[in-house]
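User: I have a model open and would like to learn how to read it feature by feature. Could you walk me through it?

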Amino acid sequence: MLNFFRKIAVGVDVSDHAISVACVEGGKNVHVLSVGKAVLEVGVVERGRIKNKNGLSLAFRHARDEASIDDTSLHNTVFGLPESQVFTHLYEFGPEYLSLSESERRFAIQKEVSTAIPINSDDVIYSSSVIFSNKEKTKILIVAASRVALVEWRDFFVSESVSIVAYDSEILALFRNLRDARVAYPVCVVDIGKNTSNIAIFDLYGICLSYLVP
């Protein structure tokens, strides 16, 4: 019997040494249906940038085939940007933030991005979200990446007939997978990789520190 109401999505995660592909069935509760993985040869991806497109393509197709993912599912794909290409910054505004107009708030956030994110202003692309606000302060989470790097990955997936519906931060996705509700006390998440480790601290309102350690 066909089930037209199944929500199938694909997740792709890439490091400098491997690419992983997972097919999940979701809604409120997510179930992993299949997983595929391929080791990347040295020099295919370096610090989150594509250096050998053909080598990456072969590895991606191997991982996709191992996970038995069909072409239809690839039209609903979420890509976890390599953590070395993602900058996470938490900024705290004073009570004046609440009195600002929408355009003034955007300008204030843009100004903070230009001073806190180590990417040229003409190359940076970012997203921001209010994670806490009261009369005294407003905490805003800023997640930024290089536009050039993002377009590089987008073009690669287009060449593989993959439709990326969302880009995600690896450490934020990892925390969501570990915890399905807000924490009552600070939690430290450590993601240990071959070349780098990511240390992040989460509290009741979300991420409050993210640090990449060589």
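User: Where is Ser 159 found?

Analyst: Ser 159 is found in helix α3; helices (H or I, at least four residues) and strands (E, at least two) are DSSP runs, numbered from the N terminus. This is a predicted model, where local features need pLDDT of at least 70, side-chain atom pairs count only at pLDDT 80 or more, and totals for chains, interfaces and linings use all residues. Residues are numbered from 1 along each chain as its sequence is written, and side-chain values use heavy atoms, with hydrogens and water left out.

User: How exposed is Ser 159, and what does its side chain reach?

Analyst: Buried means under 20% relative accessible area, exposed over 50%, and partly exposed in between (1.4 Å probe, protein chains only). Ser 159 has 37% relative accessibility, so it counts as partly exposed. For the side chain, look for a polar contact: a pair of N or O atoms within 3.5 Å where, within protein, one must be able to donate a hydrogen and the other to accept it, and residues adjacent in sequence count only if both atoms are side-chain atoms. The side chain of Ser 159 reaches the backbone oxygen of Phe 156 at 2.4 Å.

User: How do I read helix α3 as a whole?

Analyst: Start with the span, whose expected value is 1.5 Å times one less than the number of residues. Helix α3 (residues 147-159) has 13 residues and reaches 18 Å from its first C-alpha to its last, close to the 18 Å expected. Next, its buried residues are Ala 149, Leu 150, Trp 153, Phe 156 and Phe 157. They cover an arc of only 125 degrees around the axis, which puts them on the same side of α3; the arc is that of the directions from the helix axis to the C-beta atoms. At the N-terminal end, Ser 146 caps α3, with a side-chain oxygen 3.3 Å from the backbone nitrogen of Val 148. After α3 comes Ser 161, whose phi is positive, near 60 degrees.

User: Which residues of α2 are buried, and which are exposed?

Analyst: The buried ones in α2 are Arg 105, Ala 108, Ile 109, Glu 112 and Val 113. Seen down the axis of α2, they fall within an arc of 140 degrees, so they line one face of the helix. On the other side of α2, Arg 106, Phe 107, Lys 111 and Thr 115 are exposed.

User: In what order do the strands of the open sheet run?

Analyst: Strands pair if DSSP finds at least two bridges between them. Here three strands form an open sheet in the order β11-β12-β13, with antiparallel pairing. β11 (187-192) and β13 (206-213) stand at the edges with a single partner strand each, so one side of each is left without a neighbour in the sheet. Strand β12 (residues 197-203) pairs with β13 over seven bridges, and Asn 198 stands opposite Leu 212 in β13.

User: Is Glu 83 buried or exposed, and what is it in contact with?

Analyst: Glu 83 is buried, with a relative accessible area of 11%, and lies in the loop between β6 (77-81) and β7 (86-93). Contact means heavy atoms within 4.5 Å. Leaving aside neighbours within four places in sequence, Glu 83 is in contact with Ser 169, Glu 170, Ile 171, Asn 198 and Leu 212. Its side chain reaches the backbone nitrogen of Ile 171 at 3.4 Å.
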